[in-house]
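Trainee: I have a new model open on my screen and would like to get to know it piece by piece. Could we go through it together?

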Amino acid sequence: MRKFLMAVGGGALAGLIASTQIAGPLLAQEGKTQVNVYEQLDLFGDIFERIRAQYVEEVDEGELVEAAINGMLQSLDPHSSYLSPDDAQDMRVQTRGEFGGLGIEVTQEEGFVKVVAPMDGTPAEEAGVLSGDFITHVDGESLLGLTLDEAVELMRGPVGSEIVVTLVREGEAEPFDVTIIRDTIRLTAVRTRTEGEAVVLRVSTFNDQTFDNLKDGLAKAAEEAGGLDNLSGVIIDLRNNPGGLLNQAILVADAFLEEGEIVSTRGRNPEDGERFNATPGDLAEGKPIVVLINGGSASASEIVAGALKDHRRAVIVGTKSFGKGSVQTVMPLRGDGAMRLTTARYYTPSGRSIQNLGVSPDIVVQQPRASVVEDEDESTPRTRSEADLRGSLSNDSLSEDEIRQIEEDNAKAEEAAKLRDEDYQLAYAIDILKGLSALESGQ
């Protein structure tokens, strides 16, 4: 027993010595790091005093400190930033669904302001601003070298005032100016309409109203159709949706899933990770779903598309999404300001991060660029069929009702074909729903 205890004691002593030998340098290193940080803070104080005392013009000390704070946050990633009291209030208003501005979601890329997406029914969309455009100047003033918040501040102004933005667009040889009239942006988060037998849910943003708008819109469309059984399915249009509230994205995905993971978040510390699961209940009652995405679909939009794709609940159609796979937490600060800080990455149910990669569609469908269509040449011969031939046999196997039904189906098909000229991707999605519905009814 004595030998055993001694052996244990010797092992403990050796462990103690080893721990001390390792911990000693670590503690010294930590102390050295702290000293360096304090030296850097002293350096910041020296620079601040030099600027305040010797800069060619008198500076606003408060603005100087805010700029330093914002620069520190923006050096982390494009989505972390400082929110002044006014900006923090604007953000709170925006999440409620009403705010002032152009109606445009932007990010910063290589020093330039890039359009993530124009919002539906806003001055920016009506002026023709597109996802992927770069804004280089505002009222003739270059944005190069400005922070994102500074650039956004230049685009703000009184409702009804005019602003000229200079855009650089892929496929255009030269930059061009667009004039926009600022307005109060009132967002309807979800607009619902019926195309043929398909319900189209156009989700433009994820704010406090999104889930309620979607639920009410789908219920109303089903009621007008005489029940979901009379519909071919649902199209969730997330194109040019820049994202928004995480909880609303979870609610929208959960609305069409019976079970399983929707999204998970992983922060710096493993214990901070969260997992969000679906609850029983499917608003579409198992009807086929097609989700439309493009390069302007970001953040919360990608959570919904990724969840429905991984669970094989929907067919994803369009082009690759934006690829913003990070979560920002807004933290209140003293003085009514706030800090938007990236605190986690989110992952789809398959465990894949979409950061910088985006959600890839199941079926890639490009949206053709709008072009001027010339009047059809009247001399072009009309396509002829058997019915046009003189003396052709009549079809006596169909009743009048059956003939009428065929004519109505042809009229619907022609009406659907017109949609391809207006919105090719949506028309494609409707065709997919028809096919899925036909397969479903044949089972």
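This is a predicted model: local features need pLDDT of at least 70, side-chain atom pairs count only at pLDDT 80 or more; totals for chains, interfaces and linings use all residues.

Trainee: Which residue with a positive phi follows H6?

Mentor: Phi is near 85° at the residue in question. The residue that follows H6 with this positive value is Gly226.

Trainee: Let me move to H2. Which elements do the buried residues of H2 pack against?

Mentor: Helix H2 spans residues 61-74 and reaches 20 Å from end to end by C-alpha, close to the 20 Å expected at 1.5 Å a residue. Its buried residues are Asn70, Leu73 and Gln74. Viewed down the axis of H2 they fall within an arc of 90°, so they line one face of the helix. That set of buried residues packs against strand S1 (81-83), helix H5 (148-155) and strand S18 (338-347).

Trainee: Which residue caps the N-terminal end of H2?

Mentor: Look for a side-chain oxygen 2.9 Å from the backbone nitrogen of Gly62. The residue that supplies this oxygen, and caps the N-terminal end of H2, is Asp60.

Trainee: Which residues does Leu148 touch, not counting residues up to four places away in sequence?

Mentor: Leu148 is found in helix H5, and with a relative accessible area of 12% it is buried. Its C-alpha is separated by 8.9 Å from that of Ser81, 67 residues apart along the chain. Not counting residues up to four places away in sequence, Leu148 touches Gln74, Pro78, Val106, Thr107, Gln108 and Val113.

Trainee: Is Asp87 buried or exposed?

Mentor: Asp87 has its place in helix H3 (residues 85-96). Leaving aside neighbours within four places in sequence, Asp87 is in contact with Glu153 and Arg156. Its relative accessible area is 15%, and the cut-off for this class is under 20%, so Asp87 is buried.

Trainee: Why is helix H8 described as largely enclosed by the rest of the structure?

Mentor: The buried residues of H8 include Ala300, Ile303, Val304 and Leu308. What covers the buried residues of H8 includes strand S12 (233-237), helix H7 (246-254), strand S13 (261-267), strand S15 (289-293), strand S16 (315-318) and S18. H8 is largely enclosed because the buried share of its residues is 9 of the 11.

Trainee: Is Asp336 buried or exposed?

Mentor: Asp336 lies in the loop between strand S17 (326-332) and S18. Its phi is positive, about 70°, although Asp336 is not a glycine. The relative accessibility of Asp336 is 62%, and the cut-off for this class is over 50%, so Asp336 counts as exposed.

Trainee: On to the rings. How is the pair of Tyr424 and Tyr428 classed?

Mentor: A search of the whole structure finds 1 aromatic pair. The ring centres of Tyr424 and Tyr428 are 6.2 Å apart and the planes are at 55°, so the pair is tilted.

Trainee: Which helix holds both Tyr424 and Tyr428?

Mentor: The two tyrosines are 4 residues apart, about one turn of the helix. Tyr424 is partly exposed at 31% relative accessible area, and Tyr428 is partly exposed at 30%. Both lie in helix H10.

Trainee: Which residue lies over the face of Tyr347?

Mentor: Look 3.8 Å from the ring centre of Tyr347. The residue over that face is Arg266.

Conventions
Residues are numbered from 1 along each chain as its sequence is written. Side-chain values use heavy atoms; hydrogens and water are left out. Rings of Phe, Tyr and Trp (its six-membered ring) pair if their centres lie within 6.5 Å; planes under 30 degrees apart count as stacked, over 60 as edge-to-face and the rest as tilted. Buried means under 20% relative accessible area, exposed over 50%, partly exposed in between (1.4 Å probe, protein chains only). A charge sits over a ring if NZ of Lys or CZ of Arg is within 6 Å of the ring centre and within 35 degrees of the ring normal. The expected span of a helix is 1.5 Å times one less than its number of residues. The arc is that of the directions from the helix axis to the C-beta atoms. Contact means heavy atoms within 4.5 Å. A polar contact is a pair of N or O atoms within 3.5 Å; within protein, one must be able to donate a hydrogen and the other to accept it, and residues adjacent in sequence count only if both atoms are side-chain atoms.
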